[in-house]
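Trainee: I would like to learn how to read a few features of a protein model. Could we go through them one at a time?

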Amino acid sequence: MNPTRFIRPFFLKRLSAIRQFSDRTEEIQRAQLRQMITAGRLTLWGRDHGFSKIDSYEQFAATVPLNHYDHFRPYVMRMIRGEKNVLWPGKVRRFAQSSGTSDGKSKYIPVTDDSLRLNHYHGSRDVVTHYLNLNPDSRIFSGKAFILGGSFANELSTEAHSRARVGDLSANLIEAINPIANIARIPSKRIALMEDWTEKLPALVEASIDRDVTNISGVPSWFLKVLQEIMARKRVSELHEVWPNLEVFFHGGISFDPYRELYNSIIDPKRMHYLETYNASEGFFAVSDSFESKSMLLIIDGGVFFEFKPLGSEQLLPAWEVESGKIYELIITASNGLWRFPLGDTVRIESVNPIRISIAGRTKSFINAFGEEVMVHNTDAALTKACAKLGCKVMNYTAAPVFTTCRTRGRHQWLIEFAIPPSDLNRFEATLDHELCMENSDYQAKRAGNIFLDPLTVTVASDGLFDRWLASTGKLGGQRKIPRLANDRHLIDAMLGFNNP
């Protein structure tokens, strides 16, 4: 018996609404904003920003400025201490801790009941809807969903949040989920929310190794560690020997491209599907609706109003005015109380009507020490192609500039932890440098003739280096990500200090 046959129609009902994304972007997005402004009038933020006089996008854009997190922090801290009607109506008891801001402090993103209902769980349903639509033969509900999440570890004092739950977004989602959903997922809530990764990893293996897992969800880098540990315990070389009914990986958080060959080496690609999601602490924004395309469909009716900031411009554009092929910084207004908030992500518009995007990189994750403007999507692509040509595989990497001196030209230094190292490191460096030139014309121009910029170099990371570095920051765990690029050397120099032989 395949229960998916009976559950599938419930999800596919959503398709009729999704199809309207093609010709109703402006109408749908204006309605989302109008609902949020109406809710915001009941809040301290709304009173401070004149929401009672706003009833259109044009008035909103003229009245409310772009707001970085330091504008929200005093309001959020009042919410954490229990004050209600601050950024969003009512009292908020859940907060997602996210990566630090320019002042080094963590961000705490409100997780309101409305953001759970209208956005996070709404987006999760869309993921399954698209998958079931793409794979009519799916048996996804005949087994368990293995969801890899974080914990409620945080950097606040107990006194500051005695009545609030502060931790990874995934921990908030797991704890708040309808108990009925727990029937279909593993591990148990107790294991899922464990803080110490060294204890959590063996517990995850024990909880899943003998279950019938049909689908997995999480960050590719961290899930790979879990899968490798499970396969080692079972002494198998192919994951379907452990879970014969595994059929799909819902992944997000980082680019999957550098990990694709690693996954293909342990999971039969003919029996496996992959769908990417754009699900951040601040909201669930987009999901793949195709197995072939790398673009994701923007969820325009999910409790988020989107604006797009052209690179190098101060102008903000609504979703219905973006142009295909261009890269924008993404700005959100959302049902968690963030108003015109820059995420720090850049996206490329792959199509309009409906809007499909791909993630170009972080606004602060780039190398432009020599005018080369290298972004994460450039380095991910170059690394993927270099590995494919030379038969090597990468676990993790970061890169940074080596600055020009009176005796030497500048260059890029890469720190790479290999799963399968290249047989010839010099050849790998040359190949990677060539592929980066092919991906980024500015880098290619600076490299021309070795006049301004020397070829990149690769430092091989010892096994587990990135884990050791993350542990030293207190951020080892299933939702933590390695910064791929930095425009200075503070991150890579710290990591190099952990590069034990």
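Trainee: Is R235 buried or exposed?

Mentor: This is a predicted model, and everything here is read from it. Exposed means over 50% relative accessible area. R235 has 77%, so R235 counts as exposed. The residue sits in the loop between α11 (220-234) and β7 (248-252). Its backbone also deserves a look: phi is positive, about 60 degrees, although R235 is not a glycine.

Trainee: What about the peptide bonds? Where is omega near 0 degrees?

Mentor: Omega is read bond by bond. The bond from I186 to P187 is cis, with omega near 0 degrees. P187 belongs to the loop between β5 (185-186) and α9 (189-192). Another cis bond joins N353 and P354, where omega is about 0 degrees. P354 is in the loop that runs between β14 (341-351) and β15 (356-362).

Trainee: How many disulfides does a search of the whole structure find?

Mentor: A disulfide is a covalent bond between the sulfur atoms of two cysteines. The search finds zero disulfides here.

Trainee: How do I read the overall fold?

Mentor: Start with the secondary structure: the protein has 17 helices and 20 strands. Then take the radius of gyration. A compact globule of 501 residues would have a value near 23 Å, and the protein has 23 Å, so the two agree. The C-alpha atoms fill a box of roughly 65 × 60 × 50 Å along the principal axes. Of the 501 residues, 56% count as buried. Among contacts between residues at least 6 apart in sequence, 67% join residues at least 24 apart.

Trainee: And how many positive and negative side chains are there?

Mentor: There are 61 positive and 57 negative side chains, and the centres of the two sets lie 4 Å apart. As for the surface, the protein exposes about 21,600 Å², and carbon and sulfur atoms supply 50% of that area.

Definitions and conventions: Residues numbered from 1 in each chain as written. Predicted model: local features only at pLDDT ≥ 70, side-chain atom pairs only at ≥ 80, totals over all residues. Heavy atoms only, no water. Helix = DSSP H or I, 4+ residues; strand = E, 2+ residues; numbered from the N terminus. Rg over C-alpha atoms; globule rule 2.2 N^0.38 Å. Buried < 20%, exposed > 50% of the residue type's maximum accessible area, 1.4 Å probe, protein only. Contact = heavy atoms within 4.5 Å. Areas by Shrake-Rupley, 256 points an atom, 1.4 Å probe, with all protein chains shown as cover. Lys, Arg positive; Asp, Glu negative; His and termini not counted. Charge placed at Lys NZ, Arg CZ, Asp CG, Glu CD. Disulfide = S-S within 2.5 Å.
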